Amino acid sequence: MTQGSLATGASAGLSPGPSSGPQSANLADILERVLDKGIVIAGDIKVNLLDIELLTIKLRLVIASLDTASQVGINWWQADPWLSADAANGSNSRELEDSNRRELEEENRQLRSRVKALEARSRDGG
Amino acid sequence: MAAESGWVWMYGVAGDDLEAFADGVAGVGGAPPRTITAAGLTAIVGAVGDREYGEAALRRNLEDLDWLARTARAHHAVLEAVAERGPVVPMRLATLFASDAAVTGTLQERADDFREALSLISARSEWGVKAYAVKQSDPAGEPGRPAAGREGPATGPGAAYLQRRRAQLTASKDARQEALASARTVYTDLGRFAVSSRLYPPQAPDLAGQQTPMVLNAAYLVADERAGEFAAAMADLTARHRFVQLTLTGPWPAYSFAGEGDGPGPR
């Protein structure tokens with residue numbers, strides 16, 4: 001197969017991903033494929049993977065595959081501001097919010113101490 | 001074979017020319033995979049016990065992420081070993097039959113579907129392409145920061161803060177738009193080298209082991225003789241798009257292109 005040439009391409013120009021070998025295949029990549037893709041034929045045991053409530057909830061933390069997500073009503077990724085253009089109106093990634101909150105708290109602290117200093121000064125003066 | 005109470009786990013279906021395969025690959029539940037041939041097709045199967053893989057047990061175990069991870073990896077390992085020898089149509093996880101005869105029956109009943117699926121993926125491989133948004137350093141926000149320090153001359157720290165935050169928001173929004181635009185371009189451009197493509201929703205950042213948001217999660221079915229071109233196009237796109245970081249995985253067994261009713265067309 002042409003595996004060799006592509007593997008070279010992967011290691012040369014691209015960032016280190018989970019492409020370094022079969023064993024290191026990313027669990028999320030495997031799960032989204034084996035749970036959501038692959039041909040479905042009716043076996044003798046009927047376990048509809050989408051019926052398993054806990055599984056789908058846990059999987060929401062792990063992967064959110066389009067078919068699974070839309071069938072069970074978990075479309076979190078569509079509402080993620082990073083991932084859908086129309087949600088990009090002001091709501092940030094949590095990280096940014098956190099850093100903003102920290103900054104705001106710091107600003108608050110500084111303002112409070114300035115107010116206190118001014119009050120003290122005006123008390124002293126007046 | 002099925003002396004004790006158990007089930008036949010089906011990994012996938014290959015043509016009848018499948019050579020010796022999967023030497024030393026432990027299958028699901030530890031049983032070595034074997035083959036069942038019928039209707040010019042070869043099912044790759046393995047024996048699993050009722051205690052762990054019966055209907056009730058399966059329901060319970062599928063809720064257990066460690067069990068699920070182990071099982072998914074074992075299922076995948078067998079398919080990967082088979083795919084190295086030739087085309088194989090992967091079954092969805094937990095496709096179980098009561099007996100070899102039931103497997104034979106399914107091969108016969110669905111022979112045309114399997115053959116059609118096999119012909120689609122023959123001499124082709126699935127490749128995964130992801131793009132992550134690259135966090136841009138924040139040129140608008142930074143310079144203002146030292147000046148608006150604790151002295152806060154005329155404008156005051158509050159106003160400076162608002163100004164800075166507005167700049168940050170704009171910068172982050174721009175970077176987001178750029179990353180999404182790049183993702184779309186990359187997806188379309190790579191499609192030119194593929195027989196077919198599928199879009200997956202982006203994975204959650206924690207799981208993907210990346211701090212930055214994933215903006216593209218795609219699978220391509222690429223003819224093996226074009227794999228080099230595909231990789232070259234990846235490298236080229238990597239160089240041209242600074243708002244996204246690209247990763248390539250594969251070759252995968254053609255999971256994404258064996259689905260029922262998907263048809264051979266793109267999208």
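I started with B:Val244 and looked up its contacts (C-beta atoms, placed from the backbone, within 7 Å). Leaving aside neighbours within four places in sequence, B:Val244 touches B:Ala131, B:Tyr132, B:Ala133, B:Val134, B:Ala179, B:Ser182, B:Ala183, B:Val186 and B:Val215.

A note to myself: this is a predicted model, where local features need pLDDT of at least 70, side-chain atom pairs count only at pLDDT 80 or more, and totals for chains, interfaces and linings use all residues. Residues are numbered from 1 along each chain as its sequence is written, while chains are lettered from A and ligands numbered from 1 in the order in which they are written.

Next I checked strand β6 (residues 124–133) of chain B, and found 10 of its 10 residues buried. Buried means 20 or more other C-beta atoms within 10 Å of the residue's own; strands are DSSP runs of E, at least two residues, and helices are runs of H or I, at least four, numbered from the N terminus.

Last, I looked at helix α2 (residues 27–36) of chain A, which packs against α3(B) at about 75°, axes 10 Å apart. Angles of 65 to 115 degrees count as roughly perpendicular, so I noted α2(A) and α3(B) as roughly perpendicular.

Definitions and conventions
Buried ≥ 20, exposed ≤ 12 C-beta atoms within 10 Å, placed from the backbone. Contact = placed C-beta atoms within 7 Å. Axes fitted to C-alpha atoms, helices over the stretch in contact; angles between N-to-C directions. Parallel < 35°, antiparallel > 145°, perpendicular 65-115°, else oblique.
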